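Work through the following exercises with the sequence and the coordinates at hand, and try each task before reading its solution.

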Amino acid sequence: NSVLVLNVSGELPDFVVEEPLAKVFGISQAQSFTSLLTQLRKAKVDNRIGAVLLDINFPGIGWGKADELRDAIKDFKASGKPVYAYMEIGMNREYYIATAADKIFVPPSGDLYVNGLAAEAMFYKGSLDKLGVEAEVIRIGPKYKNAPDQYLKTEMGDGQREVINALLDEYFTRFTAAIAESRKKSVEDVKSLIDSAPYNATQAKSLGLIDDAFY
C-alpha cells in the first residue's frame, strides 16, 4: 500500500550520466526523462506500490515529451492503480500532464493559468542594418522557407504566420480534447473556460477543472 511520489520537475533531459561519487556522498543528481518513464513502468508491475503521486513543478519539457509522459501515465493506469497529480501552480503544459491522472489537487493558495497558447518570433534585420550587415540567402520556394526570415525581415511573412498558426491549432486541439476527455466536459466548454482563465484553486474546483484544493 505504498504510494510512489515522482517529481515531475527540472530540465528532465533524455539521459543523465550517473556519477558514482555523487551516490557515495549522497549528492542528488538530475533526473532524466527516461528515468521518469522507467519508474512508471516499474511501478506498474510492483505489487508494493498501490498508487502514484505526481508532484508537477514546472518541468522543462516540450509538448512532445508531455504527450509521451501522458501516454506513460495512461499505461500505468491500465494496472488498475490510481494516479494523483499535485501542483501549486498549473500552467498550460503542467495542467495538460495532470489531466492524465485520476485526480488533480491544487493547494488553496495555488492558481491555474490555462490561458491557451501563443508564439512569438524574433527578427534581427533592424539591428543588422544598423551594423551594416546584410544577410545573403539562397532558397527555393520562399513562402514556407522562412528560417532565414529573422535576418531578412522585420516582421512575420504570410508563410511563417501560416505555419506557426497551424502548429498552434494542432497543439490547441490536442490540449482541449485531452482536458475535455479527462474532466468530462465538451470541447466547447473547455474553450470557454480557457477564455476566462486564470482561476484560483477554489474557482478551479467549482468549475470541475481540479478535484480538490488542500495542502
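The model used here is a predicted one.

**Exercise 1.** Determine how helix 2 and helix 3 are oriented to each other, and which residues meet.

*Solution.* Begin with the geometry: helix 2 (residues 33-45) and helix 3 (residues 63-77) have axes 9 Å apart and pack at an angle of about 10°. Helix 2 and helix 3 are therefore roughly parallel. Next, list the contact, in which Phe 33, Leu 36, Leu 37, Leu 40, Ala 43 and Lys 44 of helix 2 meet Lys 65, Glu 68, Leu 69, Ala 72, Ile 73, Asp 75 and Phe 76 of helix 3. Finally, sort these residues by class, which gives 9 nonpolar, no polar and 4 charged.

**Exercise 2.** Carry out the analysis for helix 7 and helix 8.

*Solution.* The axes of helix 7 (residues 158-183) and helix 8 (residues 187-196) come within 9 Å and cross at roughly 110°, so helix 7 is roughly perpendicular to helix 8. On the side of helix 7 the contact involves Phe 172, Phe 175, Thr 176, Ala 177, Ile 179 and Ala 180, while helix 8 contributes Val 187, Val 190, Lys 191 and Ile 194. By class, the contact holds 8 nonpolar residues, 1 polar and 1 charged.

**Exercise 3.** Find which helix gives the most to the lining of the largest pocket.

*Solution.* The largest pocket has a volume of about 170 Å³, and its lining includes Trp 63, Arg 93 and Tyr 171. Helix 4 (92-98) and helix 7 each supply at least two lining residues, and helix 7 gives the most, with 4.

Key
Residues are numbered from 1 along each chain as its sequence is written. This is a predicted model: local features need pLDDT of at least 70, side-chain atom pairs count only at pLDDT 80 or more; totals for chains, interfaces and linings use all residues. Side-chain values use heavy atoms; hydrogens and water are left out. Axes are lines fitted to C-alpha atoms, for helices over the stretch in contact, and angles run from 0 to 180 degrees between N-to-C directions. Angles under 35 degrees count as roughly parallel, over 145 as roughly antiparallel, 65 to 115 as roughly perpendicular and the rest as oblique. Contact means heavy atoms within 4.5 Å. Ala, Val, Leu, Ile, Met, Phe, Trp, Tyr, Cys and Pro count as nonpolar, Asp, Glu, Lys and Arg as charged, and the others, Gly among them, as polar. On a 1 Å grid over the protein atoms alone, a cavity is a set of points where a 1.4 Å probe fits but cannot get out, and a pocket is an open set with protein on both sides within 12 Å along at least five of seven lines; lining residues have an atom within 4 Å of a point. Grid points are joined across faces, edges and corners, and a volume is the space filled by probe spheres set on the points.
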